[in-house]
Amino acid sequence: MAMKGLKIKDKHIRSLANLLSGPKPILYHKEDLLAYDCDGFTIERHLPKAVVFPKNTEEVAAIVKYCHENMLPFLARGAGTGLSGGAIPLNNEVVISLTRMKKLLSVDLENRIAVVEPGFVNLKLTNSIADKGYYYAPDPSSQYACTIGGNVAENAGGAHCLKYGVTTNHILGLELVLPNGEIIEIGKDGIPDSPGYDLLGLLTGSEGTLGIVTKITVRVLKNPEDKQTVLAYFDRVEDGSQAVSDIISTGIVPAALEMMDKTAIEAVEAAAFPVGHPRDIAAVLLIEVDGISSGIEEQISKILKVCKSRNVREVKVAESERERARWWANRKTGFGAMGAISPNYLVQDGVIPRSRLPEVLKKINEISEESGLRIANIFHAGDGNLHPLVLFDARVPGETERAIEAGSACLKVCADVGGTITGEHGVGIEKREEMRFVFTDEEIVAQTDVREVFNPDNLLNAGKLFPTPGRCAEVKKELKASTS
């Protein structure tokens, strides 16, 4: 092993190093660990005990087994692009970085299946099979950097999930290291809808609290015959919101239906991929349809008609693939673009019924006025997934706290209209207490009981996903007492 013979004072770090192979398989100096004290949620930071870089499933299992036997807390980390703090080492964890497990293991286009390691970057899968006429559908905005293992942990979505679904709809099998170091496989040879409990569904979106995924079998799709993209500008957010509902009401299910408000437009036009959106516009819709060529023009005609009936200022169809790509690049840089207009920002991730969009946006605007902070809105409007971005300056005393309160208030609005607190970013540490907006104490206890089946010692990614102990702990004692 590469690290054997080195004089490392900490016995656990020394033992972990000796379980690993390859160059620099472990980091443990403070200056190296600083890069791992947070993920895309930067408001809270904690240093890990060490960061290890396994090369294969066996090394992951050996690390986990050692941590389990020595009661060392640990967690898995992908590219660190998560936005809810799911990879932040709250408890001085050993961070198991899966970035060296980045192989495309196999592709079976006849059965439309691919097998990847967890560190394989999302967009690389599409790029690897594009010349054969296939692609991988889940497309989070960070797809150029985020890993498929991380996508599984968070059940990531993306712009095209309106028609094609989120990550869980494309997972056919998982290899998993349990928190005691045991290796198991779920899903057989990529066969969908196997009988028995839907463990794939349970694990996808479990935010790294039930096990560590080391191999993933995914569904790949044939490229659609044709696709066209529409851009529409509205002088009132209410008109754009109503156009969203009207398009769905026609029976069309667009591949994507995205919306940005005025503040978001200001940001994306000031950042890397400006496309010339009018700065005085209240809302922009980006609408994409795909499928069989013979039906596309009819769908586009209906969409144009709907937009015009809702007082659209301008509506146009992309005239080339280059123009379409520019529009999408502009939209997909939306989160990062906030840095062009604000020193700091907090991304939220709520879900609402589409019909309540105008009402919710009005309330978010009221939250903005009450907090004194600007809130930009970018959302997957077609499926009601909102991303309010609270803009603030952490250098100003009290602004960080006000931003957190404003973000929580936005989520409360989503829950109050029959929605929920996350559509694709996960709960992590950011929204733990907000879980109470949508679940009773008894429901939370039921979910933590499921976690305890997989992770009874709570060594794996502890302190994530569920509220801090309080009334839930009391409920758990009461339930146990009533059944004893």
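Which residues lie nearest the centre of the second largest pocket? I looked this up in a predicted model, where local features need pLDDT of at least 70, side-chain atom pairs count only at pLDDT 80 or more, and totals for chains, interfaces and linings use all residues. Residues are numbered from 1 along each chain as its sequence is written, and side-chain values use heavy atoms, with hydrogens and water left out.

**Entry 1: pocket**

I found Leu123, Asp139, Gln143, Arg324 and Lys332 nearest the centre, out of 26 lining residues. On a 1 Å grid over the protein atoms alone, a pocket is an open set of points with protein on both sides within 12 Å along at least five of seven lines, and lining residues have an atom within 4 Å of a point. I noted a volume of about 690 Å³, the space filled by probe spheres set on points joined across faces, edges and corners. Helix H4 (122-129), strand E7 (134-135), E14 and H11 each give two or more residues to this lining. H11 has the largest share, 6 residues. Helices (H or I, at least four residues) and strands (E, at least two) are DSSP runs numbered from the N terminus. By class I have 12 nonpolar, 7 polar and 7 charged lining residues. Ala, Val, Leu, Ile, Met, Phe, Trp, Tyr, Cys and Pro count as nonpolar, Asp, Glu, Lys and Arg as charged, and the others, Gly among them, as polar.

**Entry 2: cavity**

I then looked for cavities, sets of points where a 1.4 Å probe fits but cannot get out. Strand E13 (256-261), strand E14 (283-291) and helix H11 (321-332) each supply at least two lining residues.

**Entry 3: helix H13**

I checked H13 (residues 357-371) against H14 (residues 399-416): the axes come within 10 Å and cross at roughly 160°. Axes are lines fitted to C-alpha atoms over the stretch in contact, and angles run from 0 to 180 degrees between N-to-C directions. That makes H13 roughly antiparallel to H14 (over 145 degrees). In the contact (heavy atoms within 4.5 Å), Val360, Lys363, Ile364, Ile367 and Ser371 of H13 meet Arg402, Ala406, Ala409, Cys410 and Val413 of H14. I counted 7 nonpolar, 1 polar and 2 charged residues there.

H8 (residues 237-249) packs with H13 at about 145°, axes 9 Å apart. Val237, Glu238 and Ser241 of H8 meet Leu357, Pro358 and Leu361 of H13.

Note on methods. Angles under 35 degrees count as roughly parallel, over 145 as roughly antiparallel, 65 to 115 as roughly perpendicular and the rest as oblique.
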